[in-house]
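Please keep the sequence and the model in view while reading.

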Amino acid sequence: MAQNLEKKKARRAGALAAAALGLTGVLGACSAGVDGDKAADVDISRAATGDITVHGGARRLAEDQTQAIADSIQKSGAKNVILIIGDGTANQELTLARNYQWGAAGAIPGIDELPLSGDYTTYSLNKDTHKPDYTTDSAASGTAWSTGTKTYNGAVGVDVNGVPQRTILEIARANGLRTGDVTTTELQDATPAVQVAHVTQRKCYGPKETTEKCPENALENGGAGSITEQLLAARPDVTFGGGWATFAQTATAGRYQGKTLEAQAKERGYQIVRSADEMHDVTVADQDKPVLGVFADGNLPRIWDKATAVKDGIEQPPVRCAPNPAFTSATPKLGDMTQKAIDLLKNDKGFFLQVESGSVDKANHDADPCGQIGETVQLSDAVSKALDFAKKDKNTLVIVTGDHAHTSQVVEPHPELPMPGLTRLLTGRDGDPIAVNYGTSLEPGEEQHTGGQVRIAAYGPGAANVVGLSDQTDPFFYITDQLGLDRTKR
């Protein structure tokens, strides 16, 4: 009896250890020395390969995972960190993309291969009361992970009192690491901006908006300037995204007064590239020759065309998503930008790179499931590129998460029941209709964020820090710790 009791205790301890490691279906072929989908001779692929109608056919785990998970917990201390953000990408957005593109029993490449996962809380702060604001925006959420400081919605790189907070990218650069900031949105948008700028209002893109919306940050008033001016001063080695229209604005004060931001970038020594071909031709990016790739006047076009949800959309026939004709060969894909950034940044001392698939959020606001899924596919491609590099490098921490939850939901398609909000039926990989509902507004373009906690997953040295429940401020601390950065160095 005592022996059986000990066996039960051992099994229970193993089960608790596995649960503590966040086994939520995102474990994968990512431990040191892993080749393909095997680790410690255990199958750790995450797609169901059987007949899902029979007993055990839908299972994703082929064998006990305890040893595989133990092997995936690598030593502490990373040379490189790649932080990948799906804006507005929580579990429901990942589920929708998986269902449509890879099937309900399938697996999202890259994302579903990450060996360790958890969730983090995303609440922001009320600017006036300093109490929790339960639904964050991208500016406050990005400021949380980039600086370790909670703030109010709309704040970029400043605390609730408007005081600038140093970012991971700034600290990494001060410690001699190379740095990169990659996005599919305007470079001035909240998520890319939180690593390079400090303004009290997220729309202060250029000198004009800064004078109007956050005059305390304007150069003519003794501030650090607009987001774009601060980006140029922050000087990441690699910057890729959109937002070229703002570079036509003119500086109102300082060394470059009267000159456009484009002219300022050239005088500061930036290599400016405007197309995918020009990006691929870049061979070096460092502090002597930083590269500034700006591939659209505004946001980069979404890779898939719109299929906007409508009221009573549950009664309309399902559709298939199609390529967006506005996405041409001149526009680089997120996976290609990620790969190019890694190739340019890798060096003996190390690098920090932030990558964002930003229009998952924007398509969600638009009640556009096809645009949303396409940008999640782009996110998957970026993660795959980062993981491929990290598996070979063995000294790279890859972290993948979203900044906040959003409104899209996969719902039951019942035409006889009233459906709130906007709905669209899609025909995905499995063949049956997928009903996608947006329930926070009746107007496309006005769908709103929601307040749920968001999944965070990782691979590499220090990946265990994402396990369980953490807060959105935690990545700032464990990223800078893993990189061995002196947070006081300037």
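His-449 lies in the loop between strand 15 (433-438) and strand 16 (454-459), where strands are DSSP runs of E with at least two residues, helices are runs of H or I with at least four, and both are numbered from the N terminus. This is a predicted model, in which local features need pLDDT of at least 70 and side-chain atom pairs count only at pLDDT 80 or more, while totals for chains, interfaces and linings use all residues. Residues are numbered from 1 along each chain as its sequence is written, and side-chain values use heavy atoms, with hydrogens and water left out.

**Annotated site**
- In an unreviewed entry, UniProt lists Asp-87, Asp-361, His-365, Asp-403, His-404 and His-449 under "binding site"; such annotations may be inferred rather than shown by experiment.
- These positions span 363 residues in sequence, yet no two of their C-alpha atoms are more than 14.4 Å apart, so they gather at one spot.
- From this set, Asp-87, Asp-361, His-365 and His-449 belong to the lining of the second largest pocket; a pocket is an open set of points on a 1 Å grid over the protein atoms alone, where a 1.4 Å probe fits, with protein on both sides within 12 Å along at least five of seven lines, and lining residues have an atom within 4 Å of a point.

- His-449 counts as buried at 15% relative accessibility, the term meaning under 20% relative accessible area with a 1.4 Å probe and protein chains only.
- Leaving aside neighbours within four places in sequence, His-449 is in contact (heavy atoms within 4.5 Å) with residues including Asp-361, His-365 and His-404.
- The side chain of His-449 also reaches the backbone oxygen of Thr-136 at 3.0 Å.
- His-365 lies in helix 12 (residues 359-365) and is likewise buried, with a relative accessible area of 19%.

**Second largest pocket**
- This pocket holds about 180 Å³ of space, a volume being the space filled by probe spheres set on grid points joined across faces, edges and corners.
- Of its 14 lining residues, Asp-189, Arg-202, Lys-203, Asp-361 and Lys-362 are the closest to the centre.
- Helix 12 gives the most to this lining, with three residues.

**Largest pocket**
- The largest pocket has a volume of about 220 Å³, and its lining includes Arg-166, Glu-170, Arg-173 and Arg-490.
- Helix 5 supplies the largest share of that lining, four residues.

Terms used. Buried means under 20% relative accessible area, exposed over 50%, partly exposed in between (1.4 Å probe, protein chains only). A polar contact is a pair of N or O atoms within 3.5 Å; within protein, one must be able to donate a hydrogen and the other to accept it, and residues adjacent in sequence count only if both atoms are side-chain atoms.
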